[in-house]
Amino acid sequence: MGLATATGPGMLALDEQIARQEAVFLDRQPRSAELVQRARRSLAGGATSSWQIAQPQAVWLTHGRGSRVWDVDGTEYVDLHGGYGVSLVGHAHPAVVRAVQDRVVRGTHFAQPTEDAVVVAEELARRFGLPLWRFGNSGTEATMDAVHLMRAATGRDLVIKVEGCYHGHHDSVEVSVLPEAEEAGPADRPAAVPGNTGIPQAVVDLVAVVGFNDVEMVARVLREHPGQVAGMIVEPVMMNAGIIPPAPGYLAAVRDLLHADGALLTFDEVKTGLTVGPGGATRHYGVTPDIVCLAKALGGGVPVAAIGGTAEVMALVADGRYEQVGTFNGNPLSMAAARATLLEALTPAAYERVERLRDRMQRDVTAVLAEHGLPWEVVTIGAKGCISFLDRPVRNLRDFHAIDARLGHLHWLVQHNGGVFLPPWGKVEQWLLSVQHEEDDADRFVANVATFAALLRG
Ligand SMILES: Cc1ncc(COP(=O)(O)O)c(C=O)c1O
């Protein structure tokens, strides 16, 4: 039988494989099923975030340690889900546990700064090459402040955003997140599509949408709206549509175009920061934007976000022209966890270890795919990786649209049933290694890829 992505009998085979794997999945998780039923009576939709609702069922967990997590049915998994990009330190990293335990008995909240905040800011300044920092609690808060700051600094309202990039759930960036092919408009002039209900059209109208890796489109927006663009926000490596690296020169070119127009550039490094390398994509590609947003991995599993900027941009915060505020900003527990994460867990040696494992996984997954005649790319950077599920390079959202989402779903199911926990949106996001993963963790993943490939080949 041919590859199951073909039309006709192949497609039927793929649907059948999914149905079989979903049945196995449900069989393995009776206690999760009970909790879903119970939760539906008190938690809207039976989950604590809409993106925790998976098909065929959300997985409920009890605990994690090192590279592993356990579900409520007692099954152990290699965790490559990584809490949507958070668990770069793995679970219960000893340094983070020590820091949190030490802090928790001395009070966890004062709404006043503690010394740890300076240590974290100094370390981020060193890593990212931006001098001044502030803190928040989530990626959404960080990118919201970034958009506000770009507007405050320039006195302009229009923001350029890349289709397929996700920057959190505030109005200005909930535009063209993952628009369907039918609503996305022409590839050379993408439509601005609300990414959720409840987003006012007036806000959508303040967002100019461009394709990733397309410098000319940014130039055109700037030409068509002279003196009106506050800035551009972009994931320097797209990580919410598989993994799409920037084309050589792209990041520097858009920065230079924006600056020539008096507009600013924000790198949303909520996912890339720390996972791509110690100084994020900013250092990896050697392009320093005006603003960097961090969250996720920074807290080692405790909620925290950071926003860093040039002296010029952050002067607005320093002198009060822009009030960057929040009751929990610089929360002592978050700061203690971030300090331990940066200084004790994410050391140069830890990064080297992750990169060795990353390379091994890339080599082995590539070999398995080749062995089964599957013409897909294995894209990795830092601790992150994905199988493209497409027979040509993915450069932007339009290429990403061509991927059959069922392949990602089947892969997720096969990995899950084979003891590897991945994010449930198989096409959108795949694996994150941590500093605590070992070779046998990677080997289990690779063995499951072989099972998946064999199923597809029939
Ligand atoms: C690139 C990026 N920016 C921002 C966010 C929003 O972060 P949070 O969910 O912490 O608000 C996310 C979340 O997935 C993200 O991937």
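A cavity is a set of grid points where a 1.4 Å probe fits but cannot get out. I note at the start that this is a predicted model.

**Entry 1: the cavity**

I looked for cavities of 30 Å³ or more and found one. The largest cavity holds about 40 Å³ of space. I then listed its lining: Met239, Gly242, Ile243, Lys384, Gly385, Cys386, Val428, Glu429, Gln430 and Trp431. Which strand gives the most to this lining? I found that strand 12, residues 384-387, does, with three residues. I sorted the lining of the largest cavity by class and got five nonpolar, three polar and two charged residues.

**Entry 2: the ligand**

Next I looked up what surrounds the ligand. The residues around the ligand are Ser138, Gly139, Thr140, Tyr166, His167, Gly168, Glu235, Asn240, Asp268, Val270, Lys271 and Lys296. By class, I wrote down two nonpolar, six polar and four charged residues for this shell.

In Thr140, a side-chain N or O atom is 2.6 Å from an oxygen atom of the ligand. In Tyr166, the atom concerned is a backbone N or O, and it lies 3.3 Å from a nitrogen atom of the ligand. In Asp268, a side-chain N or O atom is 2.6 Å from a nitrogen atom of the ligand. How much of the ligand's accessible area does the protein cover? On its own the ligand has 390 Å² of accessible area, and the protein covers 85% of that.

**Entry 3: the second largest pocket**

I moved on to the second largest pocket, which has a volume of about 390 Å³. I counted 19 residues in its lining, and those nearest its centre are Pro113, Arg134, Phe135, Gln324 and Asn329. The elements that give two or more residues to this lining are helix 5 (115-128), strand 4 (132-136) and helix 11 (311-318). Of the elements, strand 4 gives the most, with four residues. By class, I recorded the lining of the second largest pocket as 12 nonpolar, six polar and one charged.

I traced an open sheet of four strands, in the order 1-2-3-13, with mixed pairing. Which strands are at its edges? They are strand 1 (61-65) and strand 13 (420-421), each of which pairs on one side only.

Strand 1 pairs with strand 2 (residues 68-71) in the antiparallel sense, over four bridges. Arg65 has Arg68, in strand 2, as its bridge partner. The hairpin of strand 1 and strand 2 has two residues between the strands, and there Gly66 takes a positive phi near 65 degrees.

**Entry 4: two backbone exceptions**

Last, I looked for departures from a general rule. Most residues other than glycine have a negative phi, and most peptide bonds are trans.

Where is there a cis peptide bond? I found one joining Gln55 and Pro56, with omega about 5 degrees. Pro56 lies in the loop between helix 2 (30-39) and strand 1.

I also looked up Ser176. Its phi is near 50 degrees, a positive value in a residue other than glycine. Ser176 lies in the loop between strand 5 (158-162) and helix 7 (201-204).

Methods
Residues numbered from 1 in each chain as written. Predicted model: local features only at pLDDT ≥ 70, side-chain atom pairs only at ≥ 80, totals over all residues. Heavy atoms only, no water. 1 Å grid on protein atoms, 1.4 Å probe; cavity = no way out; pocket = protein on both sides within 12 Å on 5 of 7 lines; lining within 4 Å. Points joined across faces, edges and corners; volume = space filled by probe spheres on them. Nonpolar A, V, L, I, M, F, W, Y, C, P; charged D, E, K, R; others polar. Near = heavy atom within 4 Å. Polar contact = N/O pair within 3.5 Å; in protein donor to acceptor, adjacent residues only side chain to side chain. Areas by Shrake-Rupley, 256 points an atom, 1.4 Å probe, with all protein chains shown as cover. Pairing = 2+ DSSP bridges.
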